[in-house]
Amino acid sequence: MLADGKSQPPKPSFVSRVLGVLIKAAVLLGFLFVFDKLLPSISEQTQSFVVAKWQQLSLLQQELPTENSLPSPLPEKNLTDTWGAARSQGRSHEGIDIFAERGTPIQSTTQGIVSKVGENNLGGRVVVVVGPGGAGHYYAHLEDYADIAPNDWVNQGDIIGYVGDSGNAKGTPPHVHYGIYINGSAVNPYPLLQKD
Ligand SMILES: [Zn+2]
């Protein structure tokens, strides 16, 4: 027996086929446009996020600074151990002061990730770099910052700012206050700095 009950579906007309192709092409072009505009920025963001995380992890795995291991933030200047000296309101000095002419470039003592570029009451203009072992390196009383921003990577010796007298050092001889914080506690930077 012949399957005579089955009838062919009506063939779409030429116009509707052309219209269908055109709509598909338009949708495809739309997708291509969106991918072209969106993908590069997504991958760039993902890339810098992954790089930042990798840098943080590798920093944490590195050794904390040891004795005489760090170059001075002001390599040409005399170092004096002023850790623990009395300060106003019963505070004691949680760092060392290194004196230099106003505007002298301050070098990062370590590689690391910039975590703060901004002001506070005591320190004035300050920069914080998180370095090997997660130690925080605090540079205060700056005249000005170098061209850096939070989450930037710095290498040892990179300029992070310039000597000044901002914050509670206003009117005193220009110097950088350098502090090191390990697990949130201040430690004396003096023994860790290279002396020669
Ligand atoms: Zn100080």
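Student: Hi! Which ground rules apply here?
Tutor: Residues are numbered from 1 along each chain as its sequence is written. As the model is predicted, local features need pLDDT of at least 70 and side-chain atom pairs count only at pLDDT 80 or more, while totals for chains, interfaces and linings use all residues.

Student: How many residues has the largest nonpolar core?
Tutor: It has 21 residues, and I106, V126, V127, V129, Y139 and V176 have the most contacts inside it. Such a core is a set of buried Ala, Val, Leu, Ile, Met, Phe, Trp, Tyr and Cys residues joined through C-beta atoms within 7 Å. Buried means 20 or more other C-beta atoms within 10 Å of a residue's own, with C-beta atoms placed from the backbone.

Student: And which strand gives the largest share of this core?
Tutor: That's β4, with 5 residues. Strands here are DSSP runs of E, at least two residues long, numbered from the N terminus.

Student: How many bridges join β5 to β8?
Tutor: There are 5, and the two strands run antiparallel. Y138 stands opposite G179 in β8. Strands pair if DSSP finds at least two bridges between them.

Student: What about β1 and β8?
Tutor: They are antiparallel as well, joined by 4 bridges, and F99 has H175 in β8 as its bridge partner.

Student: Which residue in the β8–β9 turn has a positive phi?
Tutor: N183, at about 50°; the hairpin has 2 residues between its strands.

Definitions and conventions:
A residue is buried if 20 or more other C-beta atoms lie within 10 Å of its own, exposed if 12 or fewer, and partly exposed in between; C-beta atoms are placed from the backbone.
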